[in-house]
Amino acid sequence: MASIQHIPTELEASADLALPAADELAGRFPLTPNPAPASPETYEDIMSTLAFGRKFTDHMAHMRWTREVGWTDHGVIAYGPLNLVPGASVFHYSQSVFEGIKAYKRADGSVWTFRPGYNAARINHSARRLALPEMRREDFVASLVDYVRADLKWVPEAEGASLYLRPFMFASEEFVGIHPAGVVDYYVIGSPSGRYFKNGLSGVAIWVEHEYHRAGPGGTGSAKTGGNYAASLLPQIRAEARGFSQVCFLDTWEGRYLEELGGMNMFVVMADGTVRTPELSGVILEGCTRSAILRMLREEGGDVREEKIVLADVIEGICSGAVAEVFACGTAAMVTPITRLGSDDFDVELPVGDKTRQIHRRLTDIQWGRAADPYGWTYRLA
Ligand SMILES: *Cc1c(COP(=O)(O)O)cnc(C)c1O
């Protein structure tokens, strides 16, 4: 059955606008080479370990915003400690936002990324909510282009590996008083990372959290901001102590509906083939991966629904066989099968399903250029 016509969200519409080619954007962030780059031994060590988010490359992109001048000081500079005063307001009021996006090296040596226009739109969406300045989407993409071109050798070649890019901005004005900062710094750093699951897709055990929430109506849930993650850490620790690896949050009004994990969106695959995901409520984060999966499934003509999903129905469905698969998705791990859901009053298991595997393969084939990209999602950085 064909799904009803999907009206693109604001982020999707913005993501679909054409971007200039990387060669046209290159040079907006001029390079000042790191005078003391990693030694060959350190480089080898990092590139053979590929631990996610632990080690960073020789450079970083940077620009600064001031109320008087706007965005200025664009450059790619040596990666290293920042010089921040203790009175910088980010330390006190958490005025900061970030993004997560990857650079992939293909077999022919070219380096690509996935839907950078989406992340550009989202950092501006997040910035608006946190009263931070927005930036031109071309500048966001140019920061990735110039940074990746400076550190090309740090984009891993191993199967499934990538350079994880972390753009972020924060209030650096020296002022301990509550008002939106008049000085803001933006950086892009990158961490060479291996494939998330070493032996194919492995399932994770998820604790469904009744006591704590990561975000609420009218709050910052739809913005990619560190505070949401800070709020998820205590429940995360408690879930780990119970033998679960991550937490699923429920809606704050009734505690009945699935929202998302601390850093990933969720999908439920029914035995009849219907695929469901929690609707965008303003509380959950509008994932790029979520949006891509929805589009692929819709264009296949699948029955795909964004709707409220009642936790109790999912648990019952797992027990009766009506629910076949549950998975989480996000840029870091792409697609993560959920093979156990537990809480105070239930503990159920389910297998890694074919639909989950198939979606993971289709997405990663497009990202690494092993399959055609009918959506124009891939963008060549170098
Ligand atoms: C980043 C993030 C996601 C996933 O978004 P992608 O764009 O797919 O990487 C989902 N939930 C939260 C809370 C996030 O921060």
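Guide: The second largest pocket has a volume of about 390 Å³, a pocket being an open set of points on a 1 Å grid over the protein atoms alone, with protein on both sides within 12 Å along at least five of seven lines. Its lining counts 21 residues, and Gly160, Arg195, Leu201, His360 and Thr364 are the closest to its centre, where a lining residue has an atom within 4 Å of a point. This is a predicted model, in which local features need pLDDT of at least 70 and side-chain atom pairs count only at pLDDT 80 or more, while totals for chains, interfaces and linings use all residues. Residues are numbered from 1 along each chain as its sequence is written, and side-chain values use heavy atoms, with hydrogens and water left out.

Visitor: Which helix gives the most to the lining of the second largest pocket?
Guide: That is helix 10, residues 354-367, with four residues; helices here are DSSP runs of H or I with at least four residues, strands are runs of E with at least two, and both are numbered from the N terminus.

Visitor: And how much space lies in the largest pocket?
Guide: The largest pocket holds about 880 Å³, a volume being the space filled by probe spheres set on the grid points, which are joined across faces, edges and corners. Of its 40 lining residues, Phe52, Arg166, Tyr229, Gly263 and Ala332 lie nearest its centre.

Visitor: What gives the most to that lining of the largest pocket?
Guide: Helix 7 does, with six residues. By class, the lining of the largest pocket has 17 nonpolar, 16 polar and seven charged residues, with Ala, Val, Leu, Ile, Met, Phe, Trp, Tyr, Cys and Pro taken as nonpolar, Asp, Glu, Lys and Arg as charged, and the others, Gly among them, as polar.

Visitor: Now the ligand: where does it sit?
Guide: The ligand sits in the largest pocket, in the sense that more than half of its atoms lie within 2 Å of the pocket's grid points. There are 15 residues around the ligand, and Lys224, Tyr229, Glu260, Thr289 and Thr331 come nearest, where near means that a heavy atom of the residue lies within 4 Å.

Visitor: Which side chain has an N or O atom 2.6 Å from a nitrogen atom of the ligand?
Guide: Glu260 has one, and a polar side-chain atom of Thr331 also lies 2.6 Å from the ligand, in that case from an oxygen atom. For Arg122, a polar side-chain atom is 2.8 Å from an oxygen atom of the ligand. The protein covers 97% of the 380 Å² of accessible area that the ligand has on its own, by the Shrake-Rupley method with a 1.4 Å probe.

Notes:
Polar contact = N/O pair within 3.5 Å; in protein donor to acceptor, adjacent residues only side chain to side chain. 1 Å grid on protein atoms, 1.4 Å probe; cavity = no way out; pocket = protein on both sides within 12 Å on 5 of 7 lines; lining within 4 Å.
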